[in-house]
Amino acid sequence: MRLDASGKVSLDHIYTAPDPRAYFQALRPLGYRVPQLAKPYFDKLVKEYRETERTAVPRVLDIGCSYGINAALLKYDLTMDELYARYDGTGPATRAGLVERDRDLSRSRSPAHGLRFTGLDASTSALAYAREAGFLDDTVHADLEAGDPTPEQRDVLAGTDLVISTGCVGYVTERTLTRVVRAQDGRLPWMAHFVLRMFPFDPVEDALAELGYRTIRVDEVFKQRRFAGPEERRGVLDSMAAAGVDATGLEEDGWLHAQLYLSTPKDR
């Protein structure tokens, strides 16, 4: 088992496969569930934005979108259990077959919400699949930790109404989020980020405050997934102890946990 610098097991390989089967088959035994837990909060935020800003079809940017999981859940009212069953290895044997089956879903299933989804990710294969399957409407393949978006990428990012994420903050920092905001030419999209408790959000909150945001943390905590094994558990608990984060009753019991941060313009 290879651990990254945070103490978590490295699962890089499941984000770069040509289709989502490895992703879901690796995460199902670990009980990965945070997109499902995030769904009602994202739904509520979309509804509030639509009513407040009088925007019929909000444009959502999902940072670290992988295979378009959040888009599939929100646009087509799917569940994580349905997605786990969909990619369990008993369906079409080829990528082309999987894509065609998902296209049929996106064509035949009336969207639960009028949304346009843009996915930002470092994995070209995950983005390509999600776009071809009809989960994502646009994609941006970029590492905004390393530099500003290109003019073409900036054009795709511009006009974003809502920015969401379910686990990438900590690997993605305030550098990416501020570059996304600066691509809006003065507009401040609303944000909702589910962040593992092992990662501090203060630097992100401070950077967003400088841009005109107010951030609140939802009191509830959310299970992300089980530890992949005792080595990962020790690595994460050591990292949390070093950062002064109390894991009692949460991570100490065998699950990674996330918290939700909502950031909206201060003048809202």
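Trainee: How many cavities of 30 Å³ or more does the structure hold?

Mentor: One. This is a predicted model, where local features need pLDDT of at least 70 and side-chain atom pairs 80 or more, while totals for chains, interfaces and linings use all residues. Residues are numbered from 1 along each chain, and side-chain values use heavy atoms, without hydrogens or water.

Trainee: How much space lies in the largest cavity?

Mentor: About 30 Å³. A cavity is a set of 1 Å grid points where a 1.4 Å probe fits but cannot get out; its volume is the space filled by probe spheres on points joined across faces, edges and corners.

Trainee: Which residues line the largest cavity?

Mentor: Among them are P20, F24, Y67, I69, L83 and F135 (lining means an atom within 4 Å of a point).

Trainee: What about pockets: what volume has the largest pocket?

Mentor: About 910 Å³. A pocket is an open set with protein on both sides within 12 Å along at least five of seven lines. Of its 36 lining residues, Y15, G64, D121, C168 and Y171 are closest to the centre.

Trainee: Switching to the sheet, what is the strand order?

Mentor: β3-β2-β1-β4-β5-β7-β6, an open sheet of seven strands with mixed pairing. Strands are DSSP E runs of at least two residues, numbered from the N terminus, and pairing needs at least two bridges.

Trainee: Which strands stand at the edges?

Mentor: β3 (138–141) and β6; each has a single partner strand, so one side of each lacks a neighbour in the sheet.

Trainee: In which sense do β1 and β4 pair, parallel or antiparallel?

Mentor: Parallel, over three bridges, with β4 covering residues 162–166. D62 stands opposite I164 in β4.

Definitions and conventions
Helices (H or I, at least four residues) and strands (E, at least two) are DSSP runs, numbered from the N terminus.
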